[in-house]
Amino acid sequence: MLVTVERLTKTYGKFTAVQDVSFVVHAGEIAGLVGPNGAGKTTIIHMMLGLISPNAGSVRLFGKSLETDREQILQRLNFTSPYMAFPVRLTVLENLRVFAGIYNVRDPAAKINELLEQFGIGRLKKKPMSRLSSGEITRVGLCKAFLNDPELLLLDEPTAYLDPQAAVQVRAVLLDLQKSRGTTILYTSHNMHEVERMCDRILFLSKGSIIATGTPIEVTCSILNEDRSAPALEEVFIRIAGRTPDEAVSN
Amino acid sequence: MKLYRIRSVIRRHTYEVIHNANHITYMVYWPVVNILVWGFFTLYLRHGDALKPGVVSCLLGAVILWGLFNAFQRDMAVGFLEELWSRNLVSLFASPLSVSEYVTGLIVVTLAKAMVGLSVGALIAWLFYHYDMFLMLPMLLPFILNLVLFAVAMGIVVTGLIFRYTTKFQAMAWSFAGILMPLSCVFYPLSSLPSFLRPIASILPTTQSFEGMREVIESGGFSISHFRLGLGLNLIYFIFAIFFFRWMFEAARSRGLLVKME
Ligand SMILES: Nc1ncnc2c1ncn2[C@@H]1O[C@H](COP(=O)(O)OP(=O)(O)OP(=O)(O)O)[C@@H](O)[C@H]1O
Ligand SMILES: [Mg+2]
């Protein structure tokens, strides 16, 4: 098991952002973490990265815990987050050079050029970050995420700011990586069609708790409570939005 | 600690210095302005003849060394604030980079910047005010070392406070050293403080360094006791700073402040 999350809970004062969440991600699969705004997706990912400490529960990545093997674990994975940005005065190339150094990438110049081309921003190399559009910044973030050939990718809304063509490109890269290298991916998205197409399995989160897991079709059937032959996550989503977590879980 | 990661932090801050003119301002502007103002003041003082010998030299030496301490503490905190402003913390602290590697890299860059400031100040004092600091440098170096160590400890404390209180605390980055100044006996000897303040002042490594500096300048002798006491105090402050930082860092992590700036 590449990722094992057990009974993870996070509270801020009296507010519970994540409640008793457990799940696993198998090696080589693409798992989707989906749910309404404020459901706790980003909080879970940040706890997995050690950026936020949980009140209870544990996270094991590659069979290890961040408390004891932080450096080793983080060397083998990478991530994007809507809460990250880059120093704005540094150019695209400079920022990627810094992170290539941190991840100890061999032949950083070649790796960076390859990624810049892959994500279609080769011509922006010398531009300071402050002059980029949000979609371009997202692409730089993706380049950073692939620098160390990660075995595990945690991607928080990686396609949120991308135009349709770039989104297609990114999805193709992710699927290709999964096939060619067996990269494991956990990612969040509000684009339900994207999730249906990409994910082997989804974890449906609502108000801090997981209310359904399974393939997109399984989750659709279980939450809509009827037999379906095709996934309809958007419908599921709209159904969930009007419920309290207790109702949702009892269903 | 891995050297290549520390090097990457140095690289990151070097790029920042290259692109951001503010750093040049901090690095040379204040040392130059300070030494010019105080330098003219010493020219004025030299006209009178009631002055004890060495007062002028002590004044200029103090301006330069205090400048170093102040710049070091400030640049460390500002270097870190830059990560906060640019929301770079998420990428940094979810990478294999450790906090101690980060801080080490930051110290190296800050030290280089502070040395530029120190040299510029000393050069101007030598060229325009006939104050040759380089002559006494070998004897001053131990006290400079203690100033730098204390500045690092204070830099770590301020950085911890910024982690925990984020930008609400950012003004302190520029002014924290100022709190210590009245008690650090920069321009006057410890003996001129009211007696109830002396015990507090004497447990500051800055006070020990400036007392030592005055002894070097006035009598040409090196006071091993001021150095040793300063070093011992620094050790204590260092241990305190590291625990304090860990505490602030964990508090920030549990409140989600590494991710969301306030
Ligand atoms: N530092 C914090 N202090 C207090 N509450 C917080 C903090 N961070 C997040 N929250 C709350 O925790 C809940 C979960 O937030 P989170 O960012 O994980 O949601 P999300 O599922 O990623 O939503 P979105 O789809 O909008 O990105 C939200 O209600 C949010 O207001
Ligand atoms: Mg989110």
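In which hand does helix 6 of chain B pass helix 10 of chain B in a crossing? The model is predicted.

**View 1. Helix 6 of chain B against helix 10 of chain B.** The crossing is left-handed. Helix 6 spans residues 133–165 of chain B, and helix 10 spans residues 224–254 of chain B. Their axes come within 8 Å. They cross at roughly 15 degrees. Angles under 35 degrees count as roughly parallel. Helix 6 of chain B and helix 10 of chain B are therefore roughly parallel to each other. The left-handed crossing of this pair has a contact made up of 24 nonpolar, six polar and one charged residues.

**View 2. Helix 3 of chain B against helix 5 of chain B.** Helix 3 covers residues 55–85 of chain B; helix 5 covers residues 99–129 of chain B. The two pack at an angle of about 150 degrees. Their axes are 9 Å apart. Angles over 145 degrees count as roughly antiparallel. Helix 3 of chain B therefore runs roughly antiparallel to helix 5 of chain B. Here the crossing is right-handed. By class, the residues of this contact are 18 nonpolar, three polar and three charged.

**View 3. Ligand 1 between chains A and B.** A shell of 15 residues surrounds ligand 1. The closest are A:Gly38, A:Lys41, A:Thr42, A:Thr43 and A:His190. By class, the shell holds five nonpolar, six polar and four charged residues.

**View 4. Side-chain contacts to oxygen atoms of ligand 1 from A:Thr42, A:Thr43 and A:His190.** A polar side-chain atom of A:Thr42 sits 2.6 Å from a ligand oxygen. For A:Thr43, a polar side-chain atom is 2.5 Å from an oxygen of ligand 1. For A:His190, a side-chain N or O atom lies 2.7 Å from an oxygen atom of the ligand. On its own, ligand 1 has 640 Å² of accessible area, and the protein covers 73% of that.

**View 5. Elements of chain A in the shell around ligand 1.** Two elements give two or more residues to this shell: strand 2 (15–25) and helix 1 (41–48), both of chain A. Which element gives the most to the shell? Helix 1 of chain A does, with three residues.

How values were computed. Residues numbered from 1 in each chain as written. Chains lettered and ligands numbered in written order. Predicted model: local features only at pLDDT ≥ 70, side-chain atom pairs only at ≥ 80, totals over all residues. Heavy atoms only, no water. Near = heavy atom within 4 Å. Polar contact = N/O pair within 3.5 Å; in protein donor to acceptor, adjacent residues only side chain to side chain. Areas by Shrake-Rupley, 256 points an atom, 1.4 Å probe, with all protein chains shown as cover. Helix = DSSP H or I, 4+ residues; strand = E, 2+ residues; numbered from the N terminus. Nonpolar A, V, L, I, M, F, W, Y, C, P; charged D, E, K, R; others polar. Axes fitted to C-alpha atoms, helices over the stretch in contact; angles between N-to-C directions. Parallel < 35°, antiparallel > 145°, perpendicular 65-115°, else oblique. Left-handed = near helix turned anticlockwise from the far one by under 90°.
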